[in-house]
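Me: I am new to this structure and would like to go through it piece by piece. Could we begin with the helices and then turn to the loops?

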Amino acid sequence: MTRPLRDHPPRDQSADGFTNRLQAYVLSHFPWLWKIVMAIGPLRRLVNTYIINSAVMRARSRPSPYSSMAVHGDVDKPMAGYTSWESMTDRDWFKRHLPQKDLKDLPPLEDLRELYEVKEGEETLSEDSSVLFLSFAQWFTDGFLMTSSDDFVEVDGKRIYQNRKTHTSHHIDFNTLYGLNRAHSDAIRLKLEETGRKGRLKSETDPDTGEEYAPRYFGANGKVKPAFKDLLPPLRLKEFLETVERNEGKERADAIRQHIFAFAGERANTTPYTAMLTTLFLREHNRLCGILEKAHPSWDDERVFQTARNINIALLIKIVVEEYINHISPYYFQLSADPSVCWKAEWNKPNWIPIEFNLLYRWHSLTPDYFKVAGKSVAGEQFIYDNSHLTGIGLGKAMESASQQKAWNIGLMNTPDFLVSVELASVQQGRANHLASYNDYREAFGYGRVKTFEQITGDPRRIKALSRLYKDSVDNVELFVGLFAEDVAPRSAVPPLIGRMVALDAFSQALTNPLLSQHAFNAGTFSQEGMKVIESTSRLQQILDRNQPQAAGTYKVTMTI
């Protein structure tokens, strides 16, 4: 049994502001009107431009004067509370929307556990989000929200990680598939000039199913294959396998090791569903190479590879906006990934990931405690790094399984046990970065400051817990806690402030991608064939179907269930 999604009074929206409430109401009602608008090309482009510009301009545009940089770059010194040349140029650190602030009277971290734990049978399910949606969110953001492990302080011989640094390129660069540098991409490429093999990524064909996958990362001896020594090792896999071997035995650890793929992204193996999505786009890359090689026989391996890569990055951005963001949005108007929207916009500035964006994407409460894979239930903690749940059933069946299961509802008091400690670590990361309060961010992103807990949530359980933990003051509520304390509105996938912050950063990150710039978004960058593929693609379903033509339409793939 699960608890009904909305078994409590609605949130008091009086603090949201009249303009915000009016816009939300109009765009999430009158489906007949928006159907007409979307049918008229020039009007659709006009409304699309207005909504995107409105979303991005809710807060100050880049470049932000604030950074997560420590004083003089020394991690053992206090955070810098001022702007410096280093903080404006050293991209090893996250940016931040608001300056640092020392919040008072914060409850002990362990006391917040009750805000995340859920009793059996008390969990709530999402209104219409599938597990594919949460898997795509994890996989997509893992490509640029990468926290570095070299930012720590030593206290009594123990490392305390501050999590203020990053090794991302700050772009949607598809490093999940292609890696962060030339050495990474070279390790996963065939690099052959033979006809029929130009531009391809390395892959293997399963002898039993005929399905294409990336090569295995480990050899038969359990060691990393020499060809993949330059790849970043899968994140925390070594520690994970040591724990599995200690608790479940060497046989179980070896079985997991056998199915780890040689992906260039350090997080592409984290679950079978993240591996599934990387596999989908690996196949699409190799398919695109075949199209390009046939159309341009004079092109060498390098040009075929680079052009296919360009197309794949653009396809990812199309899917992000036209399937993923449209699923998140409660609006009836369906947004388009039109890069011209930003070509002359004042917010068209160089990308730099803010620390707040990193934190607000910790959507752990969407994750079910069990995954239903082809009729079998797999406990969440048993799903981690076990790609046999992909190879055992194949890509199409795996994508359909993820599409058929509902995600849990995002919010407090709804996180499965095996992820509660991760929630607390996220709260601690916000504290280590001296983030301003939830109310400060509401104000900065165009909402009014709340004055009561009822303006955050209508759930009496959340109200009672928040009031007690934060000593009856809404101004004491931390950003990470407040983001997930809000109720999810009907037709939306996420709470209001998360939705607003995601829209701002997602549009300003996606549409300002260098490949989508005014002088690059053309056939010279993507080829005529590539432009046709980009223009005609808006759903993961399309990419799956064309990579298994014999079974096209057999498996239903959707983020909306």
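Me: Is helix α10 mostly buried or exposed?
Reply: In this predicted model, 19 of the 24 residues of α10 are buried, so this helix is largely enclosed by the rest of the structure.

Me: And how far does α10 reach from its first C-alpha to its last?
Reply: The distance is 35 Å for its 24 residues, close to the 34 Å expected at 1.5 Å a residue.

Me: At what angle do the axes of α10 and α15 cross?
Reply: The axes of α10, residues 272–295, and α15, residues 395–404, cross at roughly 130° and come within 10 Å. That angle makes α10 oblique to α15. The crossing of the two helices is left-handed.

Me: Which residues make that contact?
Reply: From α10 the contact uses Y273, M276, L277, T279, L280 and R283, and from α15 it uses L395, A398, M399, S401 and A402. In the contact of α10 with α15, eight residues are nonpolar, two are polar and one is charged.

Me: Some of those numbers are three or four apart. Why would residues with that spacing point the same way?
Reply: An α-helix has 3.6 residues a turn, so residues three or four places apart point the same way.

Me: Let us move to another pair. How do the axes of α8 and α9 cross?
Reply: Helix α8 covers residues 237–248 and helix α9 covers residues 250–257; their axes come within 7 Å and cross at roughly 145°.

Me: Which residues meet there?
Reply: F240, L241, V244, E245 and E248 of α8 meet K250, R252, A253, I256 and R257 of α9. The contact of α8 with α9 has five nonpolar and five charged residues, with no polar ones.

Me: New topic: α3. Which of its residues are buried?
Reply: The buried residues in α3 are V47, N48, I51, I52, S54, A55 and V56. They pack against α1 (18–27), α2 (31–39) and α20 (496–510).

Me: And L46, buried or exposed?
Reply: L46, which lies in α3 (residues 41–56), counts as exposed at 58% relative accessibility. The cut-off for exposed is over 50%.

Me: How far apart are the C-alpha atoms of L46 and W32?
Reply: They are separated by 18 Å, and the two residues are 14 residues apart along the chain.

Me: What span should α3 have at 1.5 Å a residue?
Reply: Its 16 residues should span 22 Å, which agrees with the 23 Å between its end C-alpha atoms.

Me: On to the loops. What kind of peptide bond joins R62 and P63?
Reply: The bond between R62 and P63 is cis, with omega at about -5°. P63 is in the loop between α3 and α4 (85–89).

Me: What about backbone angles: what is phi of K191?
Reply: Phi of K191 is near 55°, a positive value in a residue other than glycine. Most residues other than glycine have a negative phi, and most peptide bonds are trans.

Me: Where is K191?
Reply: K191 sits in the loop between α7 (182–188) and β4 (204–205). At 41% relative accessibility, K191 counts as partly exposed.

Me: And what is phi of K471?
Reply: K471, which is not a glycine, has a positive phi of about 55°. K471 belongs to the loop between α18 (460–469) and α19 (479–485). With a relative accessible area of 53%, K471 is exposed.

Key: Residues numbered from 1 in each chain as written. Predicted model: local features only at pLDDT ≥ 70, side-chain atom pairs only at ≥ 80, totals over all residues. Heavy atoms only, no water. Axes fitted to C-alpha atoms, helices over the stretch in contact; angles between N-to-C directions. Helix = DSSP H or I, 4+ residues; strand = E, 2+ residues; numbered from the N terminus. Parallel < 35°, antiparallel > 145°, perpendicular 65-115°, else oblique. Left-handed = near helix turned anticlockwise from the far one by under 90°. Contact = heavy atoms within 4.5 Å. Nonpolar A, V, L, I, M, F, W, Y, C, P; charged D, E, K, R; others polar. Expected span 1.5 Å × (residues − 1). Buried < 20%, exposed > 50% of the residue type's maximum accessible area, 1.4 Å probe, protein only.
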